[in-house]
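Welcome! Here is a short briefing for anyone meeting this structure for the first time. Take a look at the sequence and model below, then read on.

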Amino acid sequence: WHNTTYSSLGCQPDRHALNFFKAVEEKLTLIRTDDYPCWGLRARLWYAIGLVHRQRHEYFEGSVAFGNAIDLSFRRMAASATGKAFYEVSAARAMALGLGWIHYTEGSLSTAKSLVQAGRRLLADKKERFIGAYVDVIYACISMSANSRDCGVVQEAIQHLTRAHSLFEAGHHDAYRARAANELALAYVRQARNRPEKAMGLLDEAEKRAREVERFGQKEKQVRWSCNAAVVLSRIARARHDWEGAVTEARRALAMATEGQIRFCEIDARIALGEALNEQSKAKEVDAQAQRRALEDAVELFEAALKSATDNVKVESVLHLHLARCNLRMRQLGRAIWHYERAKEMSTYNENAFVQGLANDIGQELSAATEDFHVPFDLDGTGDPENELKRFKGWLTTWAAAKVTHGDAGVRNTVGRAAALLRISQAQFHRWRANAKLAPIDYRRGARR
């Protein structure tokens, strides 16, 4: 009954399925006894509740439900050897497809991997081909997320996903096949980034799988899958430098997600559209005004997504990093640093290689942008603030002279240009250097006298 109800109400999950399952749980509290505690039935029930929460991206509630399912499955196994294999499968599903998937989605890859491996061990001697293959799909996703820039790891994941996809296709398990196809599309996009010399063929394979997901969503009237496909198609277009196509697909995904009121699909679509606009603004044919407008639109999209993503550390980190990069390009250095620091604070909880790589790249960009503001001297230990101020002003004159000459000391009127940069008079410029006991710079040529 719970599988039938989940299939009819839960695939596009709503409160009807959830309310039904919780009503059954309440009824079970009335009929269970010490002799018949209903552990096995309740384990299956809590797994179904967890599935609905997972599909609704209510990960805390989902974790609680899957935890209950695991606990009850093991209680049932301890109580009787009868049906032990069935409840080992029940525990394995809740570990791998439930908690494992949630931890993977949130970027806790070590925990996710441990849960999936535990599930695989419980399934090792079972004839559960579909569940076993779906667990392999999740394991491949975890491996790629932890090592997305490793060609070997991504290729191995593609092989696992391809085998699982073939099994689901042969067994006419369309929902699992759609999941495998979606992950295959993302894997091919990753590998295209790793292997640019083979990018064209890899991206063609990615599009083939994304179109398969799109057809499944249309056939089953499941907006979630249609949104997933459009987001992947947007990223494929970006990888092909088709900026217009990337923007169009992302807007399509956002329109579907907004109409269907699917929160996490809206977040994904806003991220994809913001990424596409950010990339589009870099195109040579885009003028300065259009570039600024695209960046402002991207910031607005990322900020709107951030407001909705406060329950997922990985997604929050990505959004803070995107906002840091956009604000840096808009020369809003303070805001860029603020968002970058927020992302770094979350890095302890996020093991996703893409996010870590993005953070490193943006960290380097910020370091280059803020290089001029690092004062390269230590306090002399005198404890005299006035003396330290003199030294600092002296350093500023040296910095300004180097800035306006770009290292060429023979540039004319170095002092005048350096003083103008500091917004002080030339006489004050010379006083600052003298007070710091620095050699004067020639008024006309820039060479020190």
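A salt bridge here is a side-chain nitrogen of Lys or Arg within 4 Å of a carboxyl oxygen of Asp or Glu. By that rule, the structure holds 29 salt bridges. Please keep in mind that this is a predicted model.

**Salt bridges**

- Side chains of opposite charge can pair when their charged atoms come close.
- Lys126 and Asp125 are joined by a salt bridge, with N and O 2.7 Å apart. Lys126 counts as buried because its relative accessibility is 16%, while Asp125 counts as exposed because its value is 63%.
- Arg342 and Glu345 also form a salt bridge, and their closest N and O atoms are 2.7 Å apart. Both belong to helix α16 (residues 333-346), and because they are 3 residues apart there, about one helical turn separates them. Glu345 is partly exposed, at 49% relative accessibility.
- In helix α18 (residues 385-405), Glu388 and Arg391 are 3 residues apart, so about one helical turn lies between them. Their side chains meet in a salt bridge of 2.8 Å, N to O. Arg391 is partly exposed, with a relative accessible area of 28%, whereas Glu388 is buried, with 13%.
- Some salt bridges share partners, and in this way Asp204, Glu207, Arg211, Glu214, Arg240, Glu249 and Arg252 are joined into one network.

**Nonpolar cores**

- The largest nonpolar core has 73 residues, and Leu97, Val137, Phe168 and Ile236 are those with the most contacts inside it.
- Helix α5 (residues 84-105) supplies the largest share of this core, 12 residues.
- Setting aside neighbours within four places in sequence, Leu97 is in contact with residues including Tyr47, Ile131, Tyr134 and Tyr176.
- There is also a second, separate core of 29 residues, and Ala246, Ala276, Leu295 and Cys326 are among its members.

**A buried charge without a partner**

- Glu316 lies in helix α15 (residues 313-329).
- Glu316 is buried yet has no salt bridge, and the nearest side chain of opposite charge, Arg342, is 9.2 Å away.
- Beyond its neighbours within four places in sequence, Glu316 is in contact with Leu306, Ala309, Thr310 and Met346.

**Pro440**

- Pro440 is found in the segment after α20 (426-435).
- Pro440 counts as partly exposed, since its relative accessibility is 32%.
- From Pro440 to Met346 there are 94 residues in sequence and 48 Å in space, C-alpha to C-alpha.

Definitions and conventions:
Residues numbered from 1 in each chain as written. Predicted model: local features only at pLDDT ≥ 70, side-chain atom pairs only at ≥ 80, totals over all residues. Heavy atoms only, no water. Helix = DSSP H or I, 4+ residues; strand = E, 2+ residues; numbered from the N terminus. Buried < 20%, exposed > 50% of the residue type's maximum accessible area, 1.4 Å probe, protein only. Lys, Arg positive; Asp, Glu negative; His and termini not counted. Contact = heavy atoms within 4.5 Å. Core = buried A, V, L, I, M, F, W, Y, C linked by side-chain atoms within 4.5 Å.
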